[in-house]
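Here are some exercises to work through with the sequence and the model side by side. Try each task before you read the solution.

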Amino acid sequence: MRLSHDQRQSLENLALRVREHVIRMSTRGGCFIGASLSCTDLLVHLYSRVLRVHPETMDDPDRDYLLLSKGHDVPALYGTLAELGFFPKERLSNHLRPNDYIYWHPNRAVPGIEFHSGSLGHLASVGVGIALDAKMRGGRSRVFVILGDGELNEGSVWEALLVASAKKLDNFIAIVDRNHFQANVRTEELIPLEPLQDKFRAFGASVLRVDGHDHDALASAFEQLPPLREAEGTCPTVIVCDTVRGKGLPSIEQRADRWFCNFTEDEVEQLLAELHCGQRAHIQSEGLMVR
Ligand SMILES: [Mg+2]
């Protein structure tokens, strides 16, 4: 699907502002900046064009649900929700401060957050429960669950998919942020995942694979979702989004040591300049390694 120039520009401008928020949250304690930037375009696209949810409709039982199962990427979700009016943008500066819930993982005390997450592998099952409830009561909710690719090592993700297929939950959509890293290790060097489409198809899902930074490709994928219906459906959908960890900041893109970062204030300013002008930042803060 080809979006108009204005549609694409609007999405890209919003994603740029969200990336600014993510970068600003990567100091004074830091955040998981790499994976936050890999799913920024996806979140912006979902909230702008796909999800039937707005600040005024968060209590509507027939709203669409977005569950961020890979909860450590929540800076991108906070930034998107703030930009779209779920809570004041000024509140983002409370990140990691003791007087707020703007923290390293999603918390339902923040408007727009549907469910807590952080411990990986849980929200696919939560999403199946919500989707099944909607079907059983004749509701029209769709449930979108964003999974990390490293998170696919959790068996509970696949159990959830088995149930979604068995119950023909065509209102359940799993989206994989396929940034090819799990913490500071490449997924294929740790526990290989490919061929992912074949594996998801074997579990009964309809599978699409797109460039997770291309709004035209994302629009085409979401346009192929099953129509909203209350009656028995067909099968769940899985959309694998190929992404780049650290997208938008070449100085940290695809770097194994730049998944969680706690930059200095000066580095943050350099990274904001890099985001806008491409002038490469000089980063000296240590990255976080877990092995
Ligand atoms: Mg990953």
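**Exercise 1. Find which residue of E7 stands opposite Leu-208, then work out the sheet around that pair.**

Step 1. Leu-208 faces Ile-239 in E7. Strands here (E, at least two residues) and helices (H or I, at least four) are DSSP runs, numbered from the N terminus. Before going further, keep in mind that this is a predicted model: local features need pLDDT of at least 70, side-chain atom pairs count only at pLDDT 80 or more, and totals for chains, interfaces and linings use all residues. Residue numbers start from 1 along each chain as its sequence is written.

Step 2. E6 and E7 run parallel and are joined by six bridges. Strands count as paired if DSSP finds at least two bridges between them.

**Exercise 2. Work out how many residues of E2 are buried, and which way they point.**

Step 1. Start with the cut-offs: a residue is buried if 20 or more other C-beta atoms lie within 10 Å of its own, exposed if 12 or fewer, and partly exposed in between, with C-beta atoms placed from the backbone. By that count, six of the six residues of E2 (residues 143-148) are buried.

Step 2. In a regular strand, side chains alternate between the two faces of the sheet. In E2, Val-143, Val-145 and Leu-147 point one way, while Phe-144, Ile-146 and Gly-148 point the other.

Step 3. Look at the partners. E1 (residues 65-68) pairs with E2 in the parallel sense over four bridges, and Leu-68 has Ile-146 as its bridge partner in E2. E3 (residues 172-178) also runs parallel to E2, with six bridges, and Val-145 has Ala-174 as its bridge partner in E3.

Step 4. Trace the chain from E2 through H6 (residues 155-166) to E3: this β-α-β crossover is right-handed. In other words, with the strands pointing away from you, the path from the first strand over the helix to the second runs clockwise.

**Exercise 3. Name the residues that touch the most other members of the largest nonpolar core.**

Step 1. A nonpolar core is a set of buried Ala, Val, Leu, Ile, Met, Phe, Trp, Tyr and Cys residues joined through C-beta atoms within 7 Å. The largest one has 78 residues, and Val-145 and Ile-175 touch the most other members.

Step 2. Check the surroundings of Ile-175. Leaving aside neighbours within four places in sequence, its contacts (C-beta atoms, placed from the backbone, within 7 Å) include Leu-42, Val-145 and Ile-239.

Step 3. Leu-42 is one of the buried residues of H3. Nine of the 11 residues of H3 (residues 40-50) are buried, so this helix is largely enclosed by the rest of the structure.

**Exercise 4. Is Thr-243 buried or exposed?**

Step 1. Thr-243 sits in the loop between E7 (237-242) and H10 (265-277).

Step 2. Thr-243 has 25 other C-beta atoms within 10 Å, so it is buried.

Step 3. Leaving aside neighbours within four places in sequence, Thr-243 is in contact with residues including Ser-38, Asp-177 and His-213.

Key. Contact = placed C-beta atoms within 7 Å.
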